[in-house]
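Keep the 3D view open as you read.

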Amino acid sequence: MLRNSRFLLWPVGILLCGMIFSSCKTGPVDTTGENSLLKLWYRQPAAKWTEALPLGNGRAGAMVFGGVDTAQFQLNDATLWSGGPRDGNNPGAKTVLPVIRKALFEGQYEKATTLARKMMGPYVATYLTLGSIFLDFPKTDDTVTNYRRALDLNNAIVSVSYQRDGITYSRAAFSSYPDQVLVIRLKANKSGTLSFTTRFDNPMPHSVRPQGNDEVLMTGMAPSYVAHRAYEKKQLIYDSAKSMRFAVTVKAKISGGSVLADTAGLSIKNATEVTLLISTGTSFNGFDKAPGPQGKDPVKEARDYLVAAATKPYDTLLGRHEQDYRHLFDRVSLNLGTDSSALLPTGKRLKAYTEAGGYRDPQLTTLLFQYGRYLLIASSRPGGQPANLQGIWNNSLQPPWSSNYTTNINTEMNYWPAEKDNLSECAGPLFHFIGELAQKGAVTAKVNYGAQGWVLHHNSDIWAQSAPPGNYGKDPKATPRWAMWPMSGAWLSRQLWEHYLFTGDK
């Protein structure tokens with residue numbers, strides 16, 4: 001995630017977790033005192049994706065923009081990837097290996113580099129966006145006042161509030177791990193004044209259909225191949241026999257007013273309170289199962305979660321979410337002191353901190369540290385996939401470095417803080433992934449090197465790809481000095497030892 005720090009703020013926070021933990025104390029957290037400042041907050045909506053606020057339950061993620069006329073929630077499912085399981089190993093690699101070694105021992109490094117291309121396999125798959133759901137509100141000329149958008153790290157809730165035409169509007173959103181749904185609560189303090197419509201936006205082939213009067217379902221197909229270089233003739237390939245399928249379903253529970261579902265989305269009129277439940281599903285059925293012919297039913301997965309959550313009142317969903325999240329987050333507190341800057345909006349604090357050379361606002365370091373812990377909780381939970389290069393948040397079909405598992409430092413870096421920050425459970429998905437990589441990597445070790453054990457190179461994906469990447473040596477930009485690096489398996493295994501040192505779990 002370090003390489004993506006120019007695109008996203010939170011990798012820096014995750015990195016900081018391991019650096020300053022020595023100042024932390026573990027124990028119950030008082031959210032009325034020092035920790036009441038553990039909020040990222042702003043006086044305006046997000047103007048771009050990197051300014052939106054992240055939510056996640058380890059599987060389902062959302063980036064919350066907080067608009068007034070239009071509210072965008074960009075969606076992700078940690079199991080939505082391109083491609084499928086494949087061999088990827090290069091049968092010619094073992095033959096050329098002794099020739100490469102000879103060239104290296106003779107100091108013929110350019111020759112060895114050229115030959116090393118013959119050991120490369122394919123590029124890995126790409127982590128994909130689920131598109132966005134938009135809430136469109138009636139536009140008026142009335143001025144918006146007292147706008148506030150915030151992410152409260154104490155309860156993992158993004159809130160938006162503002163006044164317009166004498167009415168106070170508020171929203172609260174969270175991604176629940178126990179109920180596996182994204183929950184959005186909208187309220188107006190004047191009866192019957194809440195009206196809006198919903199619509200999906202998704203860059204992949206999809207369709208939308210109503211499910212009764214208060215629910216809509218979007219289904220679609222992911223690309224079976226995503227290009228890694230701009231010069232490739234086909235940037236996206238869809239194969240109905242191979243492609244992963246996905247589903248997103250949205251249900252409205254209203255107080256007052258009416259709701260109608262059609263192929264455009266939901267239309268809510270004259271309500272006072274509305275709870276939206278958003279659930280996702282994909283046909284991913286394991287790292288060694290083809291998502292087309294061997295995939296599970298994404299609609300069933302999404303609707304099973306939704307139906308179960310819809311039986312619970314909003315307060316019950318909220319309580320289950322907060323209890324689950326705080327069981328992890330409240331284990332660690334950090335107090336570095338405060339000054340007057342701690343009460344300013346986060347954007348202003350970041351700017352002032354930079355301009356002052358860092359000699360102010362000690363609570364901002366506390367906030368960033370706890371933000372890193374929050375993001376690990378949000379992107380890596382038991383039973384799910386490990387955090388990828390961008391956690392679980394991605395708004396593109398061709399994200400930087402495919403938003404994959406860059407295992408020559410970035411994947412390891414995601415989990416450096418896990419044990420130190422008292423979040424051992426959050427490393428569970430990585431340990432499970434290492435087991436899958438060991439299976440695929442044992443084949444690569446035998447085919448590519450004629451060796452026992454297992455090996456992993458520079459990149460991997462949800463399919464546990466273990467061969468060295470580089471389009472079988474055909475990509476001129478694929479440099480053997482990084483593609484042929486065979487140490488990722490050993491480095492990832494270090495995390496297992498770290499877990500043992502902290503927990504004694506044999």
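The largest nonpolar core has 94 residues, and L153, L276 and Y374 touch the most other members. A nonpolar core here is a set of buried Ala, Val, Leu, Ile, Met, Phe, Trp, Tyr and Cys residues joined through side-chain atoms within 4.5 Å. Buried means under 20% relative accessible area, exposed means over 50%, and partly exposed lies in between, using a 1.4 Å probe and protein chains only. Helix 7 (residues 362-379) gives this core its largest share, eight residues. Apart from this core lies another one of 14 residues, including I100, A103, A116 and Y123.

This is a predicted model, in which local features need pLDDT of at least 70 and side-chain atom pairs count only at pLDDT 80 or more, while totals for chains, interfaces and linings use all residues. Residues are numbered from 1 along each chain as its sequence is written, and side-chain values use heavy atoms, with hydrogens and water left out.

Which residues does L153 touch, leaving aside its neighbours within four places in sequence? L153 is in contact with L38, L40, Y325, F329, L367, Q370, Y371 and Y374. Contact means heavy atoms within 4.5 Å.

**The sheet**

Helices (H or I, at least four residues) and strands (E, at least two) are DSSP runs, numbered from the N terminus. Two strands pair if DSSP finds at least two bridges between them. Nine strands make an open sheet with antiparallel pairing, in the order 2-7-8-9-10-19-16-13-12. Strand 2 (39-42) and strand 12 (206-210) each have a single partner strand, so they stand at the edges with one side left without a neighbour in the sheet. From one strand to the next, the twist averages 15 degrees.

Inside this sheet, strand 16 (residues 245-255) and strand 19 (residues 273-282) run antiparallel and are joined by 10 bridges. Lying across strand 13 (215-221), strand 16 and strand 19 is helix 4 (residues 298-310), which runs at about 150 degrees to strand 19. For such angles, axes are lines fitted to C-alpha atoms, for helices over the stretch in contact, and values run from 0 to 180 degrees between N-to-C directions.

Strand 17 (residues 258-262) and strand 18 (residues 265-271) form a hairpin with two residues between them. Five bridges pair them in the antiparallel sense, and S258 stands opposite K269.

**Rings and charges**

How many aromatic pairs does a search of the whole structure find? The search finds 13. Rings of Phe, Tyr and Trp (its six-membered ring) pair if their centres lie within 6.5 Å; planes under 30 degrees apart count as stacked, over 60 as edge-to-face and the rest as tilted. Here are two of the pairs.

| Pair | Centre distance | Plane angle | Class |
|---|---|---|---|
| Y325 and F329 | 5.3 Å | 15 degrees | stacked |
| Y405 and F433 | 4.8 Å | 40 degrees | tilted |

Y325 and F329 are four residues apart in helix 5 (residues 314-329), so about one helical turn separates them. Y325 and F329 are both buried. Y405 sits in strand 21 (residues 405-406) and F433 in helix 9 (residues 428-449), so this pair ties together parts that are 28 residues apart in sequence. Ring pairs also link W81, Y127, Y405 and F433 into a cluster.

A charge sits over a ring if NZ of Lys or CZ of Arg is within 6 Å of the ring centre and within 35 degrees of the ring normal. R373 lies over the face of F329, at 5.3 Å from the ring centre, and R381 lies over the face of Y177, at 4.0 Å.

**Some single residues**

Most residues other than glycine have a negative phi. N146, in strand 7 (residues 144-152), has a positive phi near 55 degrees. N146 counts as exposed because its relative accessibility is 59%.

Is H321 buried or exposed? H321 lies in helix 5 and is buried, with a relative accessible area of 3%.
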